Amino acid sequence: MNIYCDLFLTFAKVGVCTFGGGYAMLPILQREVVEKKGWAIDEELTDYFAVGQCTPGIIAVNTATFIGYKHKGIPGGILTTLGVVFPSLVIITAIAAFLSRFAEYPVVQHALTGINAAVVALIASSVLKLGKSTLKGGAAVTIFLCVLALAVFGNLADLDAGAYGPLGQGLELLTSPAALIVLAGIAGWLIKGVFGGKKGGEGR
Amino acid sequence: MTLVWTLLRLFLEFAKVGLFAVGGGLATIPFLQDMGAVTGWFTETDLTTMIAVSESTPGPMGVNMATYVGFQVAGLSGAVAATLGLIAPSIVVIVIIAGFLQKFRQSRTVDAVFSGLRPASTALIAAAGLAVALAVFLLTGGVEEHTFAVHWPALALAAAVFVCMRYTPLKKLHPIAFIAAAAAVGAVFQL
């Protein structure tokens, strides 16, 4: 098959299989892009999610563009992105036109609970797979734990509700995914680039 | 002519969302609230419906919402205009960043920065999974606001999926097979 068709169709498949936010896309990407096509490795996926997280645009779209661009330049980036949104166009248009009460049907809500339960399991499994390559060494594990704690805290504390005043707003900003990614990048740079570099230079 | 204007406006409004919303699809909601208030294209109630539909249909949520709003405003061509608007800034920004990264791939600084980004990115994915888990497994509400109950059947279903896909021959199945099976279980047993 023509590689451009393949990029479009593979990402259309990723789009169909994604339920919820962009993170739910990860297990599908691992299967389709890493295992089946070999267009990226697990570590690269975490890079794309990291960059997609702190740059403009929603993660799912950013990740699709990234993989497509890396593989076949600008046309590749455009095709993967069009591919990932194509199923939404078809499905949402059909539902908006004929079934606008779709989400209110009890059977849909029950099915969605089941889907979300499966998505939790899929994400957990994907994180374990990713962790094997991304959590090597003490510094990496420390960054992982700090970011996880701050992100979960930010999710749970509902800081933007205003109950904590300016302090809460500051914490809300600090625990936002984009800020955490930037801080972790600085930490990595300091640990490995600045101090690690010095040690390497002076040590021997 | 008015249709052309509407489509152009949809494209630009969603390009704004694509440019300023950073993160997952949920990050687009505040922008959509503003858009509804400013343009009068949809009400808060409409938006609630759109969020519910976007969450429960295939496709990344942020994309689904753009498509839905566009369709609501101007039919199929509106859906296309809004979706293209949403993705246009991503394509430009990511192509620039990816090009930059390719150029500086050998740089020790970039390598060091990514050594920090990878564990952080993994942590954020884990946190997102936990957020979904809390939403599914903990039932809030009831008489008092701060009482919680565990949704045991959903938790059991998730555990079953996890075990099947990691430790049994079923792990060769495509992830969508597990999602479809879980949807069926949910619908049949009324989770």
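**Exercise 1. Is Ser90(B) buried or exposed, and what does its side chain meet?**

Step 1: Ser90(B) is buried, because its relative accessibility is 1%; buried means under 20% relative accessible area, exposed over 50% and partly exposed in between, with a 1.4 Å probe and protein chains only. This is a predicted model, in which local features need pLDDT of at least 70 and side-chain atom pairs count only at pLDDT 80 or more, while totals for chains, interfaces and linings use all residues. Residues are numbered from 1 along each chain as its sequence is written, chains are lettered from A in the order in which they are written, and side-chain values use heavy atoms, with hydrogens and water left out.

Step 2: Ser90(B) sits in helix H4 of chain B; helices (H or I, at least four residues) and strands (E, at least two) are DSSP runs, numbered from the N terminus.

Step 3: Look for partners. The side chain of Ser90(B) makes a polar contact with that of Asn62(A) at 2.7 Å. A polar contact is a pair of N or O atoms within 3.5 Å; within protein, one must be able to donate a hydrogen and the other to accept it, and residues adjacent in sequence count only if both atoms are side-chain atoms. Leaving aside neighbours within four places in sequence, the residues in contact with Ser90(B) include Pro56(A), Gly57(A), Ile58(A) and Val95(B), where contact means heavy atoms within 4.5 Å.

**Exercise 2. Describe the interface of chain B and chain A.**

Step 1: Count residues. Chain B brings 91 residues to the contact and chain A brings 97.

Step 2: Find the area. About 7,900 Å² is buried between the two chains, and carbon and sulfur atoms give 77% of this; buried area is the accessible area (1.4 Å probe) that two parts lose on being put together, summed over both.

Step 3: List the polar links. There are 19 residue pairs in polar contact between the chains, both residues at pLDDT 80 or more. The rule also finds three salt bridges across the interface, a salt bridge being a side-chain nitrogen of Lys or Arg within 4 Å of a carboxyl oxygen of Asp or Glu. In one salt bridge, the side chains of Lys192(A) and Asp111(B) meet at 3.1 Å, N to O.

Step 4: Check the strands. Strand S2 (residues 57-58) of chain A pairs with S1(B) in the parallel sense over two bridges; two strands pair if DSSP finds at least two bridges between them. Here Ile58(A) stands opposite Gly23(B).

**Exercise 3. Which parts of chain A does the salt bridge of Glu35(A) and Lys129(A) tie together?**

Step 1: The two side chains meet at 3.3 Å, N to O.

Step 2: Glu35(A) lies in helix H2 and Lys129(A) in helix H5 (residues 106-134) of chain A, so the pair ties together parts that are 94 residues apart in sequence.

Step 3: Glu35(A) is partly exposed at 45% relative accessible area, and Lys129(A) is partly exposed at 29%.

Step 4: Compare another pair. Lys36(A) and Glu32(A) also form a salt bridge, at 3.3 Å, N to O. Both lie in helix H2 (residues 26-36) of chain A, four residues apart, about one turn of the helix. Lys36(A) is partly exposed at 48%, whereas Glu32(A) is buried at 2%.
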